[in-house]
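Come along while I look things up, one entry at a time.

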Amino acid sequence: MTGRVGGWSTYNIPSIPSLVRRGIFRSPFSAILRRTVLVTLLMVSILPGTAGAQDLPGYKPILWEYLETICAFGPRPPGSHGHRMLQAYIKAVGGKYADEVREQPFTFQKGNNPPVSMMNIELVFHGASRKRPILLGTHYDTRPFADSETDPYSWKFPILGANDGGSGTAVLLALAQYLHAHPPVRPVRLVFFDGEDYGVKFSSDYFLGSKHYAAQLNKKDRGEWPYCVLIIDMVGDKELEIARETYSHENASWLLKMIVESAQKLKVTQFLTQPKHTVQDDHLPFIEIGVPAALLIDFDYPYWHTLQDTLDKCSPESLFAVFSVVVDAMKKI
Ligand SMILES: [Zn+2]
């Protein structure tokens with residue numbers, strides 16, 4: 001079922017009886033819809049174990065299972081099969097756990113090249129209060145070319161992006177599951193941005209999804225803006241060390257302070273208190289329009305934009321460290 005809500009389309013997973021009742025499974029003219037439904041059912045069947053509400057440590061294997069599933073789709077650059085599979089998977093997880101799933105499609109066109117379809121996906125948790133929402137974001141696309149490889153021959157291949165694209169997506173999917181079991185007071189939006197890593201080096205064709213999202217936001221009343229934005233990217237590295245990123249430090253130091261305090265309380269040692277890198281990422285379009293925004297990233301990752309950004313470089317412990325700190329910090333905002 002698809003309906004329009006303020007430029008977004010709302011997506012709900014239909015129940016099987018309702019589809020049978022409406023004759024969708026039998027109709028010879030609905031092959032595409034039938035395939036979409038079957039893909040959705042397949043996606044639901046590969047969700048991690050979900051019996052009952054998990055205690056926090058129970059999310060460690062769940063996080064890893066999400067990352068394994070994401071990587072099993074292969075490289076996920078816009079236009080690829082893996083990209084479409086992951087979109088369906090995010091929507092299936094959202095259909096199961098979120099109050100609402102919204103799609104924000106847009107196209108990107110460079111010069112005379114054919115336009116490329118992209119889509120941000122937003123999982124909405126209404127919360128128990130009427131406060132402005134917290135926006136937690138990540139990019140789910142992966143880089144179409146391994147242009148940090150030393151051998152130019154390898155540049156034409158897409159990366160798997162276990163860490164870069166995969167890890168943040170796994171954390172947000174597990175957060176959807178957590179927020180379903182522990183409904184938040186302040187509303188939460190989990191936003192999966194497209195086209196973050198699409199641009200060639202030194203171009204401005206990065207952060208396409210977050211730029212589009214922020215531009216749409218800028219047309220709305222400020223009362224509808226998120227209270228703050230927290231972007232999660234490259235947090236799966238086995239040797240995880242998250243320092244204060246400079247733009248975040250300058251624009252949302254209060255948010256970073258809350259996060260570091262949560263890490264100290266939980267004795268999570270992967271968070272450092274001092275600034276280190278200055279990283280351009282999906283937080284910048286929000287900072288530019290005036291929303292406080294911070295980025296959690298470990299930019300010391302030797303496999304960045306190479307074919308070696310694979311599952312074996314990541315660990316469940318790193319994903320869980322970030323997940324548990326974000327869960328704790330979110331309750332204080
Ligand atoms: Zn990247």
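**Ground rules.** I take helices (H or I, at least four residues) and strands (E, at least two) as DSSP runs, numbered from the N terminus. The expected span of a helix is 1.5 Å times one less than its number of residues. I am working with a predicted model, where local features need pLDDT of at least 70, side-chain atom pairs count only at pLDDT 80 or more, and totals for chains, interfaces and linings use all residues. Residues are numbered from 1 along each chain as its sequence is written.

**Overview.** I found ten helices and ten strands in the protein. I call a residue buried if 20 or more other C-beta atoms lie within 10 Å of its own, exposed if 12 or fewer, and partly exposed in between, with C-beta atoms placed from the backbone. Buried residues account for 44% of the 333 residues.

**Helix α3.** What span should the 14 residues of α3 have? At 1.5 Å a residue, residues 59–72 should span 20 Å, and the end C-alpha atoms are 20 Å apart, so the two agree. I listed the buried residues of α3, among them Tyr59, Trp64 and Cys71. Which helices do these buried residues pack against? They pack against α4 (81–97), α5 (162–181) and α10 (316–330). Just after α3, I noted Gly74 with a positive phi of about 80°.

**The core.** A nonpolar core is a set of buried Ala, Val, Leu, Ile, Met, Phe, Trp, Tyr and Cys residues joined through C-beta atoms within 7 Å. The largest one has 87 residues, and Leu63, Leu67, Val171, Ala174, Ala176, Leu319 and Val322 touch the most other members. Helix α5 gives the largest share of this core, ten residues. For contacts, I require C-beta atoms, placed from the backbone, within 7 Å. Leaving out residues up to four places away in sequence, Val322 touches Val171, Ile232, Val235 and Leu296.

**Strand β10.** I checked both faces of β10 (residues 293–296). Ala293 and Leu295 on one side are buried, and so are Ala294 and Leu296 on the other. Strand β7 (residues 228–232) runs parallel to β10, joined by four bridges; strands pair if DSSP finds at least two bridges between them. Leu230 stands opposite Ala294.

**Glu100.** Is Glu100 buried or partly exposed? Glu100 is partly exposed, because 17 other C-beta atoms lie within 10 Å. I located Glu100 in strand β3 (residues 100–108). His126 is 26 residues away along the chain, with 8.4 Å between the C-alpha atoms of Glu100 and His126.

Note on methods. Contact = placed C-beta atoms within 7 Å.
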